[in-house]
Amino acid sequence: MKLKIFGCLFLCMWSIQFYAQSNELTLQQAIQKATLGNPNVKLSDLKITREESFKLASMNISSPEILFEAPTGDELRPGVLQTFDFPIQYVRRFQAQGKLAELSEAEKLQVLNELRYQVRLAYNELQYLKEVEVAYIQQDSLLSDFLKVTEVRLSVGQISPIERMNALSQSKEIEYQLNQIRSKERRALLDLSLLLGTPGDTTWLVSDAFRALQVPEIINFNMMNNPQVLIGKKNLELSEARWKAERSGWMPGLVIGYLNQSDAETEARYRMRYGFSVPLWFFSQNSRVKTAKTEIQIAQQQQVTTDFTLNGRMNDAISSLKQYSEALNYYQNTGLGMAAEITTMAKEAYRIGSIGYYNYLLNLQ
């Protein structure tokens with residue numbers, strides 16, 4: 001019986017450990033999972049598929065007209081009439097639709113880029129909160145020792161009850177902060193699970209160690225690789241393709257048909273109809289061409305705005321990176337060592353009674 005109970009407990013512990021390990025994620029694994037499961041990526045794929053399927057639809061050949069006329073006045077005779085745009089118009093529209101598909105692909109790259117950034121933020125936030133939780137646990141442990149010493153000093157009459165109450169208050173404050181950090185961890189985990197495409201799943205664990213980013217001495221980025229720049233470029237190409245498509249609207253259309261206007265012995269060549277359409281109402285087409293030209297100017301100005309924005313954000317990011325790197329270097333090489341030494345000295349000084357609880361807490365902070 002005892003062996004069965006032990007075996008069940010061992011199996012449960014092994015299952016829990018295996019399940020925890022199976023949900024551990026490195027940063028790269030988290031990014032890969034997000035790119036496969038995030039709804040925004042799937043939506044981008046659907047948009048690309050839609051624009052690709054519209055390529056043939058952009059040909060837009062009008063439906064044939066089936067006609068019945070009575071040229072001799074005693075019987076109806078069938079005929080068919082088909083109109084075509086000038087061939088170059090189909091080519092231009094097909095090219096414009098192709099540019100729209102390329103724009104959708106560039107927009108997907110932007111979605112992926114933003115998704116990777118958000119996953120990194122959520123992952124790093126979890127790593128950071130784990131470190132903060134450890135720090136608060138250490139402070140909680142120090143204050144627990146502090147409370148024990150306080151109880152001893154109170155029992156021998158070295159301190160008053162108010163000092164004990166203040167020490168207890170500090171301990172409760174640290175306990176409250178620790179619970180707040182754990183709540184933030186859960187929120188960050190929910191944010192990460194949304195990005196991974198598994199909303200509400202709080203079983204994911206970060207496995208990468210929390211470490212500082214190495215700042216290169218020379219920071220040089222090629223802004224042309226940024227998806228926003230690519231989107232601007234593709235948007236400009238699309239505007240130019242649409243402008244060319246509208247300009248081709250000045251070309252005449254073609255008309256071809258078949259209708260027997262005479263007796264049954266009439267030769268087939270005389271039953272055919274040929275002609276062309278004339279874009280006589282020029283003001284409508286002229287307006288569309290001018291609108292397309294303005295769209296090109298808008299796309300060009302958007303490119304300039306994007307360049308300014310990206311360069312400004314990059315300069316801010318580089319400045320912040322250097323600032324945080326210097327601060328981190330100070331805390332790692334100087335601050336942490338001094339804090340540990342002060343904590344040890346203050347703890348011993350309070351234990352032997354050379355400083356009061358207020359000075360102890362001040363040193364602990």
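Trainee: Which residues is Ser248 in contact with, leaving aside its neighbours within four places in sequence?

Mentor: Ser248 is in contact with Ile88, Gln89 and Arg92, where contact means heavy atoms within 4.5 Å. This is a predicted model, in which local features need pLDDT of at least 70 and side-chain atom pairs pLDDT 80 or more, while totals for chains, interfaces and linings use all residues. Residues are numbered from 1 along each chain as its sequence is written, and side-chain values use heavy atoms, without hydrogens and water.

Trainee: Why is Ser248 called buried?

Mentor: Buried means under 20% relative accessible area, exposed over 50%, and partly exposed in between, with a 1.4 Å probe and protein chains only. Ser248 has 6%, so it is buried. Its place is in the loop between α6 and β5 (253-259), and its side chain reaches the backbone oxygen of Ala245 at 2.5 Å.

Trainee: What makes Leu43 partly exposed?

Mentor: Its relative accessibility is 43%, so Leu43 falls in the middle class. Leu43 lies in helix α3 (residues 39-57). Its C-alpha atom is 9.9 Å from that of Val111, 68 residues apart along the chain.

Trainee: How do you know that the buried residues of α2 line one face of the helix?

Mentor: In α2 (residues 27-37), the buried residues are Leu27, Ala30, Ile31, Ala34 and Gly37. Seen down the axis, they fall within an arc of 150 degrees, so they line one face. The arc is taken from the directions from the helix axis to the C-beta atoms. On the face turned away from the buried side are the exposed residues Gln28, Gln32 and Leu36.

Trainee: Why is α2 called oblique to α3?

Mentor: Their axes are 5 Å apart and pack at an angle of about 45 degrees. Under 35 degrees counts as roughly parallel, over 145 as roughly antiparallel, 65 to 115 as roughly perpendicular and the rest as oblique. The angle of α2 to α3 belongs to the rest, so the pair is oblique. Ala34, Thr35, Leu36 and Gly37 in α2 meet Pro39, Val41 and Lys42 in α3.

Trainee: What makes α6 roughly antiparallel to α7?

Mentor: The axes of α6 (residues 227-247) and α7 (residues 282-352) come within 9 Å and cross at roughly 170 degrees. That angle is in the class over 145 degrees, which means that α6 is roughly antiparallel to α7.

Note on methods:
Axes are lines fitted to C-alpha atoms, for helices over the stretch in contact, and angles run from 0 to 180 degrees between N-to-C directions. Helices (H or I, at least four residues) and strands (E, at least two) are DSSP runs, numbered from the N terminus. A polar contact is a pair of N or O atoms within 3.5 Å; within protein, one must be able to donate a hydrogen and the other to accept it, and residues adjacent in sequence count only if both atoms are side-chain atoms.
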